[in-house]
Amino acid sequence: MEFAFASEVFRSRIFKNNLCTIGFGIILFIAMLGLLAPVIADDPYKTNLAERLKPPSLEHPFGTDQLGRDLFSRVVHGARTSLFVAMTISLISMAIGCLIGAVSGYFGGIIDDIIGRIIDVFLAIPELVFNIALVGIFCVAYGVSTWNVILAVVITNWVSYARITRGIVLSLKEKEFVLCAKAIGARDSYILLRHVIPNAIGPIIVLATLNMGNVIMTIASLGFLGLGIQPPTPEWGQILNSGKNYITTAPWITFFPGLFIALSVLGFNLLGEGLRDVLEKRTLEY
Amino acid sequence: MLRYIARRLLQIVPTLLGISIISFSLLYIFPGDPAEFIVEARYAVEPTQEMVKKIRMEMGLDRPMLVQYLDWLSKAVRGDFGKSWTEDKPVMDLILERLPASAQLFFTTFAISIAFAMLLGIISAIYKDRAVDHFCRIFSLLGISIPSFWLGLILIWIFSVQLRLLPAFGYGGIEHLILPVLTWSFSFMAIKTRFVRSCLLEALSQDYVITARAKGLPERIVVLRHALRNALIPIITYFSLSISHLIVGSIMVEVVFSWPGLGSLLVESVFKRDFPVVQALVFISGVLFVIVNLVVDILYAVIDPRIRYGD
């Protein structure tokens, strides 16, 4: 009862925030397109050389590409690829990062020193440089696959989660209510469930939302460089890459996938910023 | 002061070691013999037993890993990253050839972005929550959301394909610089604009600003002389930190415009499987980040004595 009331208040506060509403709307729109892709769009793999490089029309709302494939189908199916891969990456890095960060902050001492240094090292190497190097090496070592992209991005991406979780746990350790809980003999698992997780969840949700935007951008960047998810699987960055050679004759191949990258990144950035406004006001009450 | 510098220097040692270990081990994380890859990359033929053996001896790949690492590190700190696998040149020469183009692109973008970020940030802060401020916020959100490679291609389509005003790619004169700088500046200044805005707002909420206003000073003087001056320290720090983007901050822009800088070099080297170059760029960009941070920290402590004792 009490929980239902709190979540009601909370929900209304989230949707009263314009940034959240717009961001959520954009994400919902793209996710729906992706989910409904098999219903609303054609086969993204069907080539038709008689229909190549056709401008947008009623039959092909986004035009066709160099192999005569319907660009609308490819872009809409691309939403599935991008969102699915980005979510996989975010969830894996969140699990790894939060665990490492929590261990580091909670146990402190030498463990914290070592993990702290490792985090510093990963923060120092520019993410995209590291990603490109890793994907390149994985391709040589294991052959080309989507898992290369996932693995490479996870390797750089867990760090932000680890850093924020570590910070939260460190600051909570000093808080009176945690010290009190310890003093009355509460077990570690109780403190973790009752105090640490509820306080950490807000900032982590904000980070995860903003991070989804970053990851989508990274996947698209790697795709554009020809190092990401490989054709014929439709992926926005990679469609853009193929469109760049036809920029003079068929600019729509470049235009539409880029628009969807920008929209989805914008959606997650808006939602993340909005959530930060809402959730951080809440943490300030302490 | 000297003690502070010494302590900060000591602190970066493990980070630098970590960066070197990661860069070095990039070549060893895959299964298989690096010597075989070198033969394949260099001669583009199926490696024979003899060739592999020769390369292994030549590169010292038969030594223990720790010896190889120490050897690599002692050369790397002197700027010697060995020879390229695909070209008959030292890795460092390849990097130095590309550095001027990257530097030109970076410093032009840097200068333009700072000027506009300051201007927009100040206007935003003065007219907080008014139309101009909202416009600036939307502008900076778009700056971080729009992929630079897409923006670059669209600018190429407008200015090179349709209007035929500017070259679509290449390196040389001012006209080649305009589109890449425009593209990069759009995202480069986005976050900086917001940073300037929030620093200035923070300063404007301080007591000395109320005093200045109460004295009846004109708003222009309150903002520019009292608030902005105080906000300038974090702003300059933040701007200086972005110098670490010099080496490979513009990979996507360079690739779109075929700009012969270090970002293109990185991508080309990955495709040519010239991994010593990749290794060197990972190492250098990481080290540059650490050093820029260190220098900025030290300068900050010089300017603001509270830092030295507070920590």
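A word on the ground rules. This is a predicted model, where local features need pLDDT of at least 70, side-chain atom pairs count only at pLDDT 80 or more, and totals for chains, interfaces and linings use all residues. Residues are numbered from 1 along each chain as its sequence is written, chains are lettered from A and ligands numbered from 1 in the order in which they are written, and side-chain values use heavy atoms, with hydrogens and water left out.

Now the cores. A nonpolar core is a set of buried Ala, Val, Leu, Ile, Met, Phe, Trp, Tyr and Cys residues joined through side-chain atoms within 4.5 Å. Buried means under 20% relative accessible area, with a 1.4 Å probe and protein chains only. The largest such core has 165 residues. A:Ile132, B:Leu200 and B:Ile251 have the most contacts inside it. Domain 1 (2–76) and domain 2 (99–260) of chain B both give residues to this core, so it lies between them. Those bounds come from an automatic or database domain assignment. A second, separate core has 14 residues, including A:Tyr106 and A:Ile168.

How far apart are the centres of the two domains of chain B? Taken over C-alpha atoms, 39 Å.

Next, the interface. The contact takes 41 residues from chain B and 45 residues from chain A. About 3800 Å² is buried between the chains. That is accessible area, with a 1.4 Å probe, lost on putting the two parts together and summed over both. Carbon and sulfur atoms give 83% of it. B:Phe149, B:Trp150 and B:Leu153 supply 16% of the area that chain B buries against chain A, more than any other three residues.

Those three are among the buried residues of H7(B). Helices are DSSP runs of H or I, at least four residues, numbered from the N terminus. H7 of chain B covers residues 148–162. There is a kink of about 25 degrees, centred on B:Ile156. That bend is the angle between axes fitted to the seven residues ending there and the seven starting there. Just after H7(B), B:Arg164 takes a positive phi of about 55 degrees.

Last, chain A. It has 11 helices and 0 strands. Of its 286 residues, 52% are buried.

Methods:
Buried < 20%, exposed > 50% of the residue type's maximum accessible area, 1.4 Å probe, protein only. Helix = DSSP H or I, 4+ residues; strand = E, 2+ residues; numbered from the N terminus. Expected span 1.5 Å × (residues − 1). Contact = heavy atoms within 4.5 Å.
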